[in-house]
Amino acid sequence: MSNEKKEEFDLRKFVPEEEQRKTFAKVFDKRTIHALHKLASRGYFDIVVHVISTGKEAHVFLARDSAGNSRAVKIYKTDTSDFNKMYEYLHGDRRFGKVKRNKRDIVFAWAKKEFSNLLLINKVGVSCPMPIAFFENVLVMEFIGINEIASPALKEKPLEDIEKVYKTEIDFLARLLFKAELVHADFSEYNILNRNNELVLIDVGQAVLTTHPETEAFFERDLNNVAKYFSKKGLKKTAEEVRADVKALKEKI
Ligand SMILES: Nc1ncnc2c1ncn2[C@@H]1O[C@H](COP(=O)(O)OP(=O)(O)OP(=O)(O)O)[C@@H](O)[C@H]1O
Ligand SMILES: [Mg+2]
C-alpha cells in the first residue's frame, strides 16, 4: 500500500465522520496527522468525534477513548500562528529559554509548555483540565463538558452570583501567582469555562513563570481584564483594587 493510501486508510479509522475527515485533511499537514496517530496508537484516544473550536492558533476537538471517556485534543497550527510573539513568551521563561527560533520548534515547545502549565496549575488547586499527553503540536487533555457537550465560556454563560465569580477569580490569580509562581497572561472571561456553575481555567499555553522579564506587564493586563469585566457586571473595581485583593490572599491560600 502506498503511503498516501495508508494515510487515508488510517484517517478513516480514527476520524469516522466524513465531513470531519475532510476538514482534517484540509487543515493538517502529514506530520500533524502522524502525531495524532502516535497519540491514538498509544491509547490516549480512539476516535475524533468533532471540532469544538477553530481559532487563530489552535483547533480543539472532542475525542473519545476506547473506554468511552471524552477527551479534548488541542492541535496547534504550524503555519499561521504569530511565532514571534510565541517566541517571546518562551524565551523569557527559564523552562523553555533554549528553544530554537523556528516555527516547528516554537510550536512544539508551546504544546509542551501548555502541558507543563496545566500540571502545575492542577497541583496548586486551581480547577483546569487535567493534561493527559502531548506529542509535537498535539495536546490531549481532560474534556470540560457534560455528555460530550463542551462547557461554554464565562463570556457566553455568566453566573448570576457575581460576587462568587469574583472570589473564585481572585483565588485563581492568587494561587497561580503565589503557589505556582505563574502569570496566566491571557486571563479573561473567554478563557474560563462555566461547567454547571463551576469555573474552569483554560488556555494556559502562554502562561509564564514569574521570573519572565515581562511578568509585570502580563499581570497588569490580566488585572485590567478582570477589573473591566466585573465593572461591566456592576461590581466596580479598578485594576489596583483587584491587585490588592489578590495580595490579601497571599497568606491564606
Ligand atoms: N479541555 C477542554 N474541554 C472542552 N473545551 C475546550 C477545552 N479546551 C479548549 N476548549 C474549547 O476550545 C476553545 C479554544 O481553546 P483555547 O482557548 O485553549 O485555545 P486558543 O489558544 O484560545 O485558541 P484560539 O484563540 O486560537 O481560538 C475554548 O474557548 C473552548 O471552547
Ligand atoms: Mg482561548
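The legends below describe close-up views of one predicted protein model. Residues are numbered from 1 along each chain as its sequence is written, while chains are lettered from A and ligands numbered from 1 in the order in which they are written. Because the model is predicted, local features need pLDDT of at least 70 and side-chain atom pairs count only at pLDDT 80 or more, whereas totals for chains, interfaces and linings use all residues.

View 1. Helices (H or I, at least four residues) and strands (E, at least two) are DSSP runs, numbered from the N terminus. The C-alpha trace spans about 65 × 40 × 30 Å along its principal axes. Of the 253 residues, 39% are buried; a residue is buried if 20 or more other C-beta atoms lie within 10 Å of its own, exposed if 12 or fewer, and partly exposed in between, with C-beta atoms placed from the backbone.

View 2. The domain bounds come from an automatic or database domain assignment. Domain 1 brings 23 residues to the contact and domain 2 brings 26 residues, where two residues are in contact if their C-beta atoms, placed from the backbone, lie within 7 Å. On the side of domain 1 that touches domain 2, the elements giving two or more residues are helix 5 and strand 6 (145-146). Helix 5 gives the most to that side, with seven residues. The residues on this side of domain 1 comprise 13 nonpolar, five polar and five charged. In this count Ala, Val, Leu, Ile, Met, Phe, Trp, Tyr, Cys and Pro are nonpolar, Asp, Glu, Lys and Arg are charged, and the others, Gly among them, are polar.

**View 3. The shell around ligand 1.** Ligand 1 lies between domain 1 and domain 2, because both domains give residues to its shell. There are 19 residues around the ligand, and Ser 53, Gly 55, Ala 72, Ile 144 and Asp 203 come nearest; a residue is near a molecule or strand if its C-beta atom, placed from the backbone, lies within 6 Å of it. At least two residues of the shell come from each of strand 1 (47-54), strand 2 (58-64) and strand 5 (138-142). The shell has 11 nonpolar, four polar and four charged residues.

View 4. Most residues other than glycine have a negative phi. Asp 203 is not a glycine but has a positive phi of about 60 degrees. This residue sits in the loop between strand 10 and strand 11 (208-209) and counts as buried, with 25 C-beta neighbours inside 10 Å. Glu 148 has a phi near 65 degrees and belongs to the loop between strand 6 and strand 7 (149-150). Glu 148 counts as exposed, with 12 C-beta neighbours inside 10 Å.

**View 5. Helix 6 (residues 162-180) and its packing.** The helix has 19 residues and reaches 26 Å from its first C-alpha to its last, close to the 27 Å expected at 1.5 Å a residue; the expected span is 1.5 Å times one less than the number of residues. Its buried residues include Val 165, Ile 170, Phe 172, Leu 173 and Leu 176, as well as Glu 169 and Arg 175. The buried residues pack against helix 5 (103-123), strand 8 (182-183), strand 10 (198-201), helix 7 (215-232) and helix 8 (239-248). Thr 168 also lies in helix 6 and counts as partly exposed, with 19 C-beta neighbours inside 10 Å. Just after the helix, Glu 181 takes a positive phi of about 55 degrees.

**View 6. Ala 111 in helix 5.** Ala 111 counts as buried, with 21 C-beta neighbours inside 10 Å. Leaving aside residues up to four places away in sequence, Ala 111 touches Tyr 76, Phe 134, Glu 136, Asn 137, Val 138 and Leu 139. Tyr 76 is 35 residues from Ala 111 along the chain, and their C-alpha atoms are separated by 7.3 Å.
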